[in-house]
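Open the model in a viewer and keep the residue selection tool at hand. The stops below are given in the order in which to select them.

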Amino acid sequence: MPEQKPWDDATGSGAISGAGAGGGMDLAMDEGATLEKTPGGPEGTGPAGKPRSLWSDAWRDLRRNPVFIISGLVILFLVIISIWPSLIADQDPLDCDLAKAQEGSQPGHPFGFDGQGCDVYTRTVYGARTSVAVGVLSTVGVSLLGGVLGGLAGFFGGKWDAVLSRLTDVFFGIPVVLGGLVFLSVVTSSTIWPVIGFIVLLGWPQIARIARGSVITAKQNDYVQAARALGASNSRMMLRHIMPNAIAPVIVVATIALGTYISLEATLSYLGVGLKPPAVSWGIDISAASQYVRNAPHMLLWPAGALAVTVLAFIMLGDAVRDALDPKLR
């Protein structure tokens with residue numbers, strides 16, 4: 001047996017150790033390079049390892065939510081036909097022929113005719129313009145009025161907060177339908193503006209309370225106290241620090257309420273105090289069709305179905321936005 005030399009073990013061990021150390025060093029360098037090339041950081045961070053904001057997280061969740069996608073497509077379709085109803089309806093909604101009153105579906109008139117001989121399909125399409133316009137404009141007015149009043153009351157507190165609280169209690173005590181019957185019964189205009197004004201008048205307290213509570217919560221955060229200590233003005237703190245972090249609940253409530261405002265306009269028009277002919281509205285058509293529901297159910301089916309789908313789409317959209325913006329549901 002050949003004699004083993006002492007430096008053989010040392011050389012072999014050194015070679016193995018060197019290889020192991022070199023391999024570990026190469027592996028560490030490879031891992032470091034891999035991490036540098038990774039476009040996104042750990043969960044909860046953006047492309048450069050920066051933390052994602054609430055809005056970017058919400059948008060990412062919304063894009064993956066089928067409820068948001070479906071409701072968004074329905075609302076997009078409603079908005080398009082509200083702006084350009086002639087894209088899918090080439091007739092005049094006020095062009096009526098009494099000889100065809102209450103007749104069913106015919107070629108070129110898939111939904112049949114109403115009690116005045118008007119094309120139900122055309123009136124259903126043009127009715128979307130009124131409903132969407134009332135819902136969107138009412139929501140904008142309610143959000144602006146309620147958000148400003150509630151935000152100021154929550155920020156300044158004191159007597160302003162007390163006055164707003166008592167004022168909202170008064171408006172919450174007014175029944176909506178009864179208030180509409182009283183308020184709109186003296187209005188003779190057939191435009192949408194009296195209905196929008198009534199909805200804003202009775203709808204702002206809900207948004208005001210949400211905005212007030214959200215502002216009170218946001219102004220107690222450390223970054224707001226730090227801005228105040230550094231001498232930031234009230235307007236700067238409201239616009240730069242509080243409002244971006246307090247507006248999410250207002251958006252959620254306003255989105256859900258939009259569908260409610262559309263159904264409220266239809267209810268008031270059905271009762272005869274909302275929109276009035278010659279305006280085209282789903283509520284007006286439902287009211288007229290209720291007298292012929294046994295003989296001509298198609299007159300009621302199509303405008304009522306369009307109203308139900310529209311309200312459901314906006315409520316689903318509001319639920320999806322709420323789930324995305326509420327950190328407690330993550």
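In which helix is Thr130 found? Thr130 is found in helix H4, helices here being DSSP runs of H or I of at least four residues, numbered from the N terminus. This is a predicted model, in which local features need pLDDT of at least 70, side-chain atom pairs count only at pLDDT 80 or more, and totals for chains, interfaces and linings use all residues. Residues are numbered from 1 along each chain as its sequence is written, and side-chain values use heavy atoms, with hydrogens and water left out.

**Helix H4**

Stay on Thr130. Its relative accessibility is 13%, so Thr130 counts as buried; buried means under 20% relative accessible area, exposed over 50%, and partly exposed in between, with a 1.4 Å probe and protein chains only. Now show the residues around it. Neighbours within four places in sequence aside, Thr130 is in contact with Ile192, Glu265, Leu275, Val280 and Ser281, where contact means heavy atoms within 4.5 Å.

Next select Leu149, which is also placed in helix H4. Leu149 counts as partly exposed because its relative accessibility is 33%. With neighbours within four places in sequence again left out, Leu149 is in contact with Leu164 and Trp204.

**The disulfide**

Select the cysteines next. The structure holds one disulfide, a term for a pair of cysteine sulfur atoms within 2.5 Å. The disulfide joins Cys96 to Cys118, with 1.6 Å from S to S. The link of Cys96 and Cys118 is right-handed, with 75° about the S-S bond. Cys96 and Cys118 are 22 residues apart, and each is in the loop between H3 and helix H4 (120-156). Is Cys118 buried or exposed? Cys118 counts as buried because its relative accessibility is 4%, whereas Cys96, at 34%, counts as partly exposed.

**Aromatic pairs**

Color the aromatic side chains. A pair of aromatic rings is described by the distance of the centres and the angle of the planes. A search of the whole structure finds six aromatic pairs; rings of Phe, Tyr and Trp (its six-membered ring) pair if their centres lie within 6.5 Å, and planes under 30 degrees apart count as stacked, over 60 as edge-to-face and the rest as tilted. One of them is the edge-to-face pair of Trp59 and Phe68, at 6.3 Å centre to centre and 90° between the planes. Trp59 is partly exposed, with a relative accessible area of 46%, and Phe68 counts as buried at 18% relative accessibility.

Phe183 and Phe198 form a stacked pair, with 5.8 Å centre to centre and 25° between the planes. This pair links distant parts of the chain: Phe183 is in helix H6 (residues 176-184) and Phe198 in helix H7 (residues 193-218), 15 residues apart. At 2% relative accessibility, Phe198 counts as buried; Phe183, at 36%, counts as partly exposed. Then select Phe111, Tyr121 and Trp302, which ring pairs link into a cluster.

**The nonpolar patch**

Finish on Phe77, found in helix H3 (residues 66-83). Phe77 counts as partly exposed because its relative accessibility is 45%. Switch to a surface view: Phe77 belongs to a nonpolar surface patch of about 930 Å², made by Ile69, Leu73, Leu76, Phe77, Val79, Ile80, Ile83, Trp84, Leu87 and Ile88.

Patches are made of residues with over 30% relative accessible area and no salt bridge, like charges being joined within 9 Å and nonpolar side chains (Val, Leu, Ile, Met, Phe, Trp, Tyr) within 5 Å. A salt bridge is a side-chain nitrogen of Lys or Arg within 4 Å of a carboxyl oxygen of Asp or Glu. Accessible areas come from the Shrake-Rupley method with a 1.4 Å probe, and for residues only the protein chains shown count as cover.

Technical notes:
Helices (H or I, at least four residues) and strands (E, at least two) are DSSP runs, numbered from the N terminus.
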